[in-house]
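Please look over the sequence and the 3D structure shown here. The report that follows goes through them topic by topic.

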Amino acid sequence: MDDKLLFSKILGIRLPWFIQKVVVNDSEQRIDIYVDHEPGIRVRCPECNEFYGLYDHAPERVYRHLNTCQMETYIHVRPPRVNCPRHGVKHIDSQFGENGSEMTFAFESFVIRVAQECNIEATSRLCGLSWDRSWNALERAVGRGRSRKVHRVPERIGVDEKSIARGHKYESLVYDIDAGTVEFVCDDRGQKSLEAYYRQFTREELSGVKAVAMDMWDPYIAATKAYVPGANKKIVFDRFHVMRHVLDAVDKVRKNEHRQLCELGEDTLKGTKYLWLWSQENIPDWRRPEFDSLKAKDLKVCRAWAIKENLRHMWIYCYEANMRKYFKRWYFWATHCRLEPIKKAAKTLKTHLDNIVTYARHRITNALAEGINTKIEKIKRMACGFRNRSHYRTAIYFHCGGLDLFPRPPIQPSLKFKGA
Ligand SMILES: [Zn+2]
């Protein structure tokens, strides 16, 4: 079998296309395959799929293909153009690689698969590409995936903020809780950011939203109330964020008390920060004796801890009325404990209670969002610092968007023989 026949079989090249020549360069460890077409062809207009006579040829394109053994392999082709009476002069849908890409479909798919497993630097090294070319493949993959995405509003949405880089830059992320995907990423965490997501949909479409999990964050609340019909009953403040308010209060109590004790020359609370923040069942066995002896002392932080642990039970209830009843008792206790940070947290929770107890009906949290957040942290580390925000967003969509990222060759051939 000669080399042209071999590569025709490997690459699936059929008439009217044929391989004109194969150049093997030993010293550069590179193979160049030149593809041409027979005369007397008809060319398909990519817009209307009608075949017309050959108009002319676009300049030569060189597509990087999968290596042949250890040799980098390139395909050279001069794509024919068509002059459609309705759509004018058009480039054909190439069967070798996407228009605008310098990679064949097979090679580009390989780059995407590698990028799903590795960071962009490793992808570049493994595929023998520059950073920019690898990144370009990622961006095209995301563009492709997002344009193929079906236009629909998730029934259960999670909204969360994510800090990027150092400092206080934020992104708002919108999740489909059931699919476990990031649906939308927008700059900062203001009302307008979230509204940009909702604005893609009609009011009727948004009425299909059943529940929205979020932090007790006014701009998100305002955006959701402005766009989602019946939002009052649909917003659920994430229980972990709610608990975080109380946890912060417990930590403040510990800090204050520790300072006061230190002034008296006692370091009882030194190194105990997490003992008070962990849930009771998460305290490591080896620290339990220490924790039990601390609890036996008459400490303010111990009272704060008990109040915090108690609140966790509220989410067990299946009915709003029971949650409210439980909260009322807890609130009385929390506001009479003479611990200012706890009292303040209790009051914050009370003003937001209506959308804390909606949990009873919808039973959603941003826990999944937190899971995705862990993945995003990993993305940030993997990327060794993105060059800009738009890169960061692209990476989130690439890894967490649940998108169909891979390029596909055209279903219909772009050339055929006259009369075929
Ligand atoms: Zn046409």
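## Terms and basis

Helices (H or I, at least four residues) and strands (E, at least two) are DSSP runs, numbered from the N terminus. This is a predicted model, in which local features need pLDDT of at least 70 and side-chain atom pairs count only at pLDDT 80 or more, while totals for chains, interfaces and linings use all residues. Residues are numbered from 1 along each chain as its sequence is written, and side-chain values use heavy atoms, with hydrogens and water left out.

Glu102 sits in the loop between β8 (88-91) and α2 (105-117). Its relative accessible area is 43%, so Glu102 is partly exposed. On this scale buried means under 20% relative accessible area, exposed means over 50%, and partly exposed lies in between (1.4 Å probe, protein chains only).

Residues up to four places away in sequence aside, Glu102 touches Val62, Tyr63, Arg64 and Arg133; contact means heavy atoms within 4.5 Å. Arg133 is 31 residues from Glu102 along the chain, and their C-alpha atoms are separated by 8.8 Å.

## Domains

The domain assignment, which is automatic or taken from a database, divides the chain into domain 1 (3-146 + 412-417), domain 2 (156-233 + 387-400) and domain 3 (239-362). Between the C-alpha centres of domain 1 and domain 3 there are 62 Å.

## The zinc site

Cys45 (SG), Cys48 (SG), Cys84 (SG) and His87 (ND1) coordinate the zinc ion at 2.1 to 2.3 Å. Donors are N, O and S atoms within 2.8 Å of the metal (3.2 Å for Na, K and Ca); water is not among the atoms, so sites may look incomplete. Along the sequence, the spacing of the donor residues is C-x2-C-x35-C-x2-H.

The site of the zinc ion is tetrahedral, with angles of 101 to 115° among its 4 donor atoms. Four donors count as tetrahedral if all angles lie between 85 and 135 degrees. The ideal angle for four tetrahedral donors is 109.5 degrees.

## Nonpolar cores

The largest nonpolar core has 89 residues, and Tyr198 and Ile342 have the most contacts inside it. Helix α9 (residues 239-263) gives the largest share of this core, 7 residues. A nonpolar core is a set of buried Ala, Val, Leu, Ile, Met, Phe, Trp, Tyr and Cys residues joined through side-chain atoms within 4.5 Å. Neighbours within four places in sequence aside, Ile342 is in contact with Ala249, Val250, Val253, Ala304, Ile307, Ala334 and Cys337. A second, separate core has 21 residues, including Phe7, Val22, Tyr63 and Met71.

Asn256 is also found in helix α9, and it is partly exposed at 32% relative accessible area. Asn256 and Lys300 lie 44 residues apart in sequence and 9.5 Å apart in space, C-alpha to C-alpha.

## Ala137 in helix α4

Helix α4 (residues 131-148) holds Ala137. With a relative accessible area of 0%, Ala137 is buried. Leaving out neighbours within four places in sequence, Ala137 is in contact with Met103, Glu108 and Val111. The C-alpha atoms of Ala137 and Ser101 are separated by 8.1 Å, although the two are 36 residues apart along the chain.

How many disulfides does the structure hold? There are 0 disulfides, a disulfide being a pair of cysteine sulfur atoms within 2.5 Å. For Cys262, the nearest cysteine sulfur is that of Cys302, 18 Å away. Cys262 is partly exposed at 40% relative accessibility.

Cys302 is buried, with a relative accessible area of 12%.

## Backbone details

Most residues other than glycine have a negative phi, and most peptide bonds are trans. Leu15 and Pro16 are joined by a cis peptide bond with omega of about 10°, and Pro16 belongs to the loop between α1 (3-11) and β1 (17-25).

Asn49 has a positive phi, near 65°, and lies in the loop between β3 (41-44) and β4 (51-57). Cys69, in the loop between β5 (61-68) and β6 (71-77), has a positive phi of about 50°. Asn49 is partly exposed at 33% relative accessibility, while Cys69 is exposed at 70%.

Definitions and conventions: Four donors count as tetrahedral if all angles lie between 85 and 135 degrees; four count as square planar and six as octahedral if opposite donors are over 155 degrees apart and all others between 65 and 115; anything else is irregular.
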